[in-house]
Amino acid sequence: MHNTTIAFKLSDNLKDEMINFYKDRFVDKKPPYSVFQVKDYDCVTTLYESGKVVFQGIGADIEASYWIELERIRNNRNINSELKDKKNKNDNKKENDEKDLFLNHINTIGSDEVGTGAYFGPIIVTASYVSKDKFMLLTDLGVKDSKKITDEKIIKIAPTLIKEIPHITYTLTPTDYNKFNIHNMNKTKAILHNRALYNLKNKNYDYQKIVVDQFCTPKSYYSYLTEVPYKVTNIYFTPRAENKCLSVAVSSIISRYIYLKEMKKLSQELNMYIPLGAGSDADQTGLEIVKKYGINKLNDVAKLDFKNTDKIKELLQTK
């Protein structure tokens, strides 16, 4: 026989019953944040303040079975099924984490985008190819997710990345975005990522994986491409890919660099500071633009399906 650990969240209506059941066998020195601990020869039972109960030892399954059955009778819970689902999720996470470890040890193509959360300005998508011989250069430059380094550093290192790393960048202007008329940002992102990846992939670089930050489920991503004639498949989707894969990090930095240049240009053209987000400052700036250039100007500088457009119109009526 071997030691087993069974742990689950005990329902509130069973906590007092469990405490009364074991109260004559509590150990004097209980673990931190625990309600009690009982040590039998074949099982250690611990109930924590969070409601989590843990059975450990060769008799854990037998000890736990009583409470698992009570959960079924009193609360219609299938604890064994819950434990199985949790194990499958943990196994999948472990498998994905193990895969992630290899992303910075192989040649990859990765893409990332900037501008999808901002009312003003374009959406920039970049796909980059990073081979192992570029790892030292990228490490020396301090390449990582563009959200974790300052704009000043991005402006400093991006020109080197643009020169040294093969990449393709697409810029979707506000005018073109509004012509798209999709009203689904994830679909827009999927189409742009696919376009950048397809054109870079066709340059026949020696890559082992194509990596994209998981902004939606793979099933949804591919469904957004139903009407696209040329699709890149076999993509490895992973959350926070820019932290795990150098090609995605490079794409993030290049996209951010070009986006910052475009926003600076837009500010100069309109002769006013243009905010980068979609908050109340964007509403006020939009109001200024409309007063100065007319309502139609928003079509050239903003993503009209954002809620900011309605707020700007409301502000116009109140002023």
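This is a predicted model: local features need pLDDT of at least 70, side-chain atom pairs count only at pLDDT 80 or more; totals for chains, interfaces and linings use all residues.

Colleague: In what order do the 5 strands of the open sheet lie?

Modeller: The order is β7-β6-β5-β8-β9, and the pairing is mixed.

Colleague: Which strands of that sheet stand at the edges, and why is one side of each left without a neighbour?

Modeller: They are β7 (167–172) and β9 (235–238); each has a single partner strand, so one side of each has no neighbour in the sheet. On average, neighbouring strands here are turned by 20° against each other, direction ignored.

Colleague: How many bridges join β5 to β8, and do these strands run parallel or antiparallel?

Modeller: Strand β5 (residues 108–114) and strand β8 (residues 209–213) are joined by 4 bridges and run parallel.

Colleague: Which strands does helix α10 lie across?

Modeller: Helix α10 (residues 246–270) lies across β5, β6 (123–130), β7 and β8, and it runs at about 35° to β5.

Colleague: How are two packed helices described?

Modeller: One gives the angle between their axes and the distance between the axes. In this case, the axes of α5 (residues 151–164) and α10 come within 9 Å and cross at roughly 110°. The two helices are therefore roughly perpendicular. The crossing of α5 past α10 is left-handed.

Colleague: Which residues make that contact?

Modeller: From α5, they include Ile154, Ile155, Ala158 and Leu161; from α10, Val250, Ile253, Tyr257 and Leu260 are among them. Asp151 of α5 and Arg256 of α10 also take part. By class, the contact of α5 with α10 has 12 nonpolar, no polar and 2 charged residues.

Colleague: Let us turn to the other sheet. What is the order of its 4 strands, and is the pairing parallel or antiparallel?

Modeller: This open sheet has the order β1-β4-β3-β2, with antiparallel pairing. Its edge strands, β1 (4–9) and β2 (34–39), each pair on one side only. Neighbouring strands are turned by 10° against each other on average, direction ignored.

Colleague: Over how many bridges do β3 and β4 pair?

Modeller: Strand β3 (residues 44–48) pairs with strand β4 (residues 52–57) over 4 bridges, in the antiparallel sense. Within this pairing, Val44 has Gln56 of β4 as its bridge partner.

Colleague: Which strands does helix α1 touch, and which does helix α2 lie across?

Modeller: Helix α1 (residues 12–22) packs on the sheet and touches β2, β3 and β4, its direction making about 40° with that of β2. Helix α2 (residues 60–75) lies across β1, β3 and β4 and runs at about 20° to β1.

Note on methods. Residues are numbered from 1 along each chain as its sequence is written. Side-chain values use heavy atoms; hydrogens and water are left out. Two strands pair if DSSP finds at least two bridges between them. Axes are lines fitted to C-alpha atoms, for helices over the stretch in contact, and angles run from 0 to 180 degrees between N-to-C directions. Contact means heavy atoms within 4.5 Å. Angles under 35 degrees count as roughly parallel, over 145 as roughly antiparallel, 65 to 115 as roughly perpendicular and the rest as oblique. A crossing is left-handed if the near helix is turned anticlockwise from the far one by less than a right angle, and right-handed if clockwise. Ala, Val, Leu, Ile, Met, Phe, Trp, Tyr, Cys and Pro count as nonpolar, Asp, Glu, Lys and Arg as charged, and the others, Gly among them, as polar.
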